[in-house]
Amino acid sequence: MSNTETRPAEMRCGGETEADRPAEVEILTARDVPLGGPRAMQVRRTLPQRARSLIGAWCFADHYGPDDVAGTGGMNVPPHPHTGLQTVSWLFSGEIEHRDSLGSHAYVRPGELNLMTGGHGIAHSEVSTPDTTILHGVQLWVALPDEHRGMEKDFQHYVPRPVTLNGGEARVFLGALAGDTSPVRTFTPLLGAELTVSPGARLVLDVDPAFEHGVLVDTGDVLVEDTPVERAALAYAAPGRTCLTLTNRGTAPARLILLGGPPFGEEIIMWWNFIGRSHDEIVQAREDWTKGSRFGEVRGYDGPPLPAPGLPNAPLKPRGRAR
């Protein structure tokens, strides 16, 4: 039978037609936030925000640098607590010394993943090293599901290999993409990868249609699908896509962070460095930190721990993903 349509539906990857295609991407712009302590370093935060609290279980995204350490003093975050989450540290340049109450003493370096599980409670410090001149990277958090949020503290380190793509390169630090799988343990399905898109290239990635995705632009003149995304902004793509198209319109390589996961089915309360499910739980975590119990001691940091801020007057309320 002949096709008599004057404008037949455009075919997309995986047999997806224009009519089947999910809604266009949503742009989440960053806001500037000081990163703890008296010598606060400025970071650009895209998660959480009023428009969207989560992408999968990803609940927090800070992007910082390139920061000239000689002028700013770099990163010096005193010991501070975490509950109910995993922290994901990923650098593009520089080096950060990590110490935690599990006894871990490690370094965050470009292209190497450090993942710390807070669970019931952990404390850690983060300090850029004396040899660091330019500090540049992302700090990400993952909310733990209810059944795992009280687990014991943990620390994992992984160096993903570069994977050549048609139009770029990927380093998959969590989950699976482009035939590569990270061995790092998570408690919900997740995707985390650094992507490099070649100048003028159009990179088409096969993705899990059950996942929602976020693309954080570090450098480059980038389109996510057909939508321009400015540097430090986060593009959100809803579930339902079998592929994600990334275009670099510039003459230099573009660098992106790709995040993904199935919509997180639980509401959370995130206040300061704690993730819980009720106001009272957050109050208890703050009290435990103030009393010096539960979270353990960070040895080797030169200085006092970070004091907890005061709680708001109104009760903290749970929030979930945008519906």
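What follows is a set of questions and answers on this model.

Mentor: This is a predicted model, in which local features need pLDDT of at least 70, side-chain atom pairs count only at pLDDT 80 or more, and totals for chains, interfaces and linings use all residues. Residues are numbered from 1 along each chain as its sequence is written, and side-chain values use heavy atoms, with hydrogens and water left out.

Trainee: How many helices and strands are there in the protein?
Mentor: Helices (H or I, at least four residues) and strands (E, at least two) are DSSP runs, numbered from the N terminus. By that count the protein has 2 helices and 26 strands.

Trainee: What is the radius of gyration of the protein?
Mentor: The radius is taken over C-alpha atoms, and the globule rule is 2.2 Å times the number of residues to the power 0.38. For 323 residues the rule gives 20 Å, and the protein is close to that, so it is as compact as a globular protein of that length. The radius of gyration is 20 Å.

Trainee: Which residues of H2 are buried?
Mentor: Buried means under 20% relative accessible area, exposed over 50%, and partly exposed in between (1.4 Å probe, protein chains only). H2 covers residues 279–291, and its face turned away from the buried side carries the exposed residues Asp280, Thr290 and Lys291. The buried residues are Ile282, Ala285, Asp288 and Trp289.

Trainee: Why do the buried residues of H2 line one face of the helix?
Mentor: An α-helix has 3.6 residues a turn, so residues three or four places apart point the same way. The arc here is that of the directions from the helix axis to the C-beta atoms. Seen down the axis of H2, the buried residues line one face because they fall within an arc of 125 degrees.

Trainee: Is threonine 83 buried or exposed?
Mentor: Threonine 83 is found in the loop between E5 and E6. Contact means heavy atoms within 4.5 Å, and residues that threonine 83 touches include Gly119, Phe274 and Ala285. At 5% relative accessibility, threonine 83 is buried.

Trainee: What is the phi of glutamate 225?
Mentor: Glutamate 225 lies in the loop between E20 and E21. The residue is buried, with a relative accessible area of 6%. Although it is not a glycine, its phi is positive, about 55 degrees.

Notes: Expected span 1.5 Å × (residues − 1).
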